[in-house]
Amino acid sequence: MRIEVKVPQLPESVAEATLVAWHKKPGDAIKRDENLIDVETDKVVLELPAPGDGVLVETRKTDGSSVTSNEVIAIIDTEAKGTMTGAVETPKAPNAKAAAAPATSEPTPRPATGTAQAATAAEGAQKQLAKTDGAKSEAAAEGPVTAMPAARKMLADAGIEPAEVAGTGRGGRITKGDALGAAEARASTSPPVAKSPPEVRAEAKPAAPPAVAKAPPAPAIRLPAALGARPEQRVPMSRLRQRVAERLVQSQATAASLTTFNEVNMQPVLDLRNRYKEKFEKEHGVKLGFMSFFVKAAVHALKKFPVVNASIDAQDIVYHGYFDIGLAVGSPRGLVVPILRDADQMSIADIEKQVAEYGKRAQDGKLTVEELTGGTFTISNGGVFGSMLSTPIINPPQSAILGVHATKERAVVENGQVVVRPMNFLALSYDHRIIDGREAVLALVAMKEALEDPARILLDL
């Protein structure tokens with residue numbers, strides 16, 4: 001029976017998706033629920049499992065193709081038998097011994113003695129070596145190494161086989177960063193190869209694989225010197241990057257965005273964290289970070305000034321009676337914003353656990369559409385990358401976003417004395433269409449006061 005493999009039903013807000021990379025090829029035997037291909041939307045990467053056991057007999061879409069919900073992209077035959085080399089086995093006719101016997105194009109060798117026997121042995125060794133090398137090449141070509149489309153093209157331009165590169169992407173896939181690193185290493189270390197005269201080798205020794213260090217993908221494209229003195233590279237935007245660009249332009253075009261700043265003395269938070277971090281980790285199994293304090297301070301301020309937690313819907317202002325806080329997180333695919341649902345009802349430990357889980361799953365590409373949808377307020381922590389000050393862009397349809405930056409020791413004046421304190425600049429960007437300057441400034445001051453006196457959070461002051 002032939003089964004159609006269809007694109008899963010995409011979320012209502014997602015019109016189409018992109019096929020990233022097939023994990024199987026026509027002729028391969030597959031098992032039910034085995035991942036056939038990754039499907040990328042503008043929010044997440046979905047795994048498309050096989051609907052049944054059988055053989056993948058046809059693929060109708062290639063890597064990088066755009067697809068829509070319920071579109072047929074492959075066919076599985078549940079009655080055929082497949083092999084990992086891509087050949088489909090057909091049933092053999094009964095009593096067909098001649099057909100079942102392996103065919104050969106070489107005559108049966110005759111016994112030889114003396115010099116003729118030695119020549120025959122040498123010829124046999126050469127043929128066996130050729131077969132061995134051919135088998136190795138075929139295995140390397142059909143092995144499980146998978147390169148992303150852009151990485152595959154870069155490796156081909158540099159003359160590098162995918163099997164020579166250690167992939168750092170999800171499932172061992174080769175990313176653009178891996179390909180760039182391999183191309184640079186090849187350009188800087190490749191020595192001239194001297195040709196040796198042909199000889200009969202009685203024993204073939206497998207070549208040692210090149211030592212390619214596994215490193216995370218480069219945050220920016222670094223073009224290899226092999227591309228020339230004035231290199232250029234054109235790569236298509238991922239769906240996630242297209243969606244991020246679209247939303248940022250939408251935010252700039254529709255919101256009356258304004259940013260207010262304040263500085264926070266982080267010493268009280270640091271003292272509290274240093275005092276209890278060991279007990280906290282032992283009790284809750286997670287490290288006590290800083291993000292939970294920023295989340296709690298934000299919720300504390302949003303309760304005092306509900307309009308900062310509101311959004312615009314046509315001519316209406318929607319006041320949300322709940323606090324779903326989005327956390328901007330960097331991932332190999334780009335910026336994603338998972339949501340802390342009902343953050344006001346979460347403890348410090350709950351927040352830290354959720355933040356750690358979201359961070360790990362963002363790196364692995366395992367966040368779901370539901371976890372990235374919604375949110376009433378966003379926190380963007382550029383301080384983890386060393387940012388000193390920035391003006392974050394509002395994440396529509398939200399009306400405000402908090403930018404957190406690096407905590408640095410600075411000279412400040414307290415009670416007429418110059419002292420050194422660990423200071424952090426906070427930036428609150430807000431939509432001036434519904435949030436007046438008064439509410440924005442006072443909301444940021446409330447966050448500052450909650451961080452400089454964490455007891456306010458516990459006592460709801």
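This is a predicted model: local features need pLDDT of at least 70, side-chain atom pairs count only at pLDDT 80 or more; totals for chains, interfaces and linings use all residues.

Mentor: Residues are numbered from 1 along each chain as its sequence is written, and side-chain values use heavy atoms, with hydrogens and water left out.

Trainee: What percentage of the residues of the protein chain count as buried?

Mentor: The secondary structure comes to ten helices and 20 strands, where helices (H or I, at least four residues) and strands (E, at least two) are DSSP runs numbered from the N terminus. Buried means under 20% relative accessible area, exposed over 50%, and partly exposed in between, with a 1.4 Å probe and protein chains only. Of the 461 residues, the buried share is 35%.

Trainee: How far apart are the end C-alpha atoms of helix H5?

Mentor: Helix H5 covers residues 239–254, which is 16 residues at 1.5 Å a residue. The expected span is 1.5 Å times one less than the number of residues. That expectation agrees with the distance between the end C-alpha atoms, which is 22 Å.

Trainee: Which strands do the buried residues of H5 pack against?

Mentor: Those buried residues are Arg239, Leu240, Val244 and Ser251. They lie on the same side of H5, because they cover an arc of only 135 degrees around the axis, the arc being that of the directions from the helix axis to the C-beta atoms. On the other side of H5, Val249 and Ala253 are exposed. The buried residues pack against S2 (17–22), S4 (35–40), S7 (66–67) and S15 (334–336).

Trainee: Which strands stand at the edges of the open sheet of four strands?

Mentor: The order of this sheet is S5-S4-S2-S7, with antiparallel pairing. An edge strand has a single partner strand, so one side of it is left without a neighbour in the sheet. The strands in that position are S5 (45–49) and S7.

Trainee: How many bridges join S4 and S5?

Mentor: Two strands pair if DSSP finds at least two bridges between them. The number of bridges between S4 and S5 is five.

Trainee: How many of the six residues of S4 are buried?

Mentor: S4 is largely enclosed by the rest of the structure, because the buried count is six of the six.

Trainee: With which side chain does the side chain of Asn424 make a polar contact?

Mentor: Asn424 lies in strand S20 (residues 417–431) and is buried, with a relative accessible area of 1%. A polar contact is a pair of N or O atoms within 3.5 Å; within protein, one must be able to donate a hydrogen and the other to accept it, and residues adjacent in sequence count only if both atoms are side-chain atoms. At 3.0 Å, the partner is the side chain of Thr407.

Trainee: Which residue's backbone oxygen does the side chain of Asn309 reach?

Mentor: Asn309 sits in the loop between helix H7 (291–304) and strand S12 (311–313). It counts as buried, because its relative accessibility is 0%. The side chain of Asn309 reaches, at 3.4 Å, the backbone oxygen of His320.

Notes
Contact means heavy atoms within 4.5 Å.
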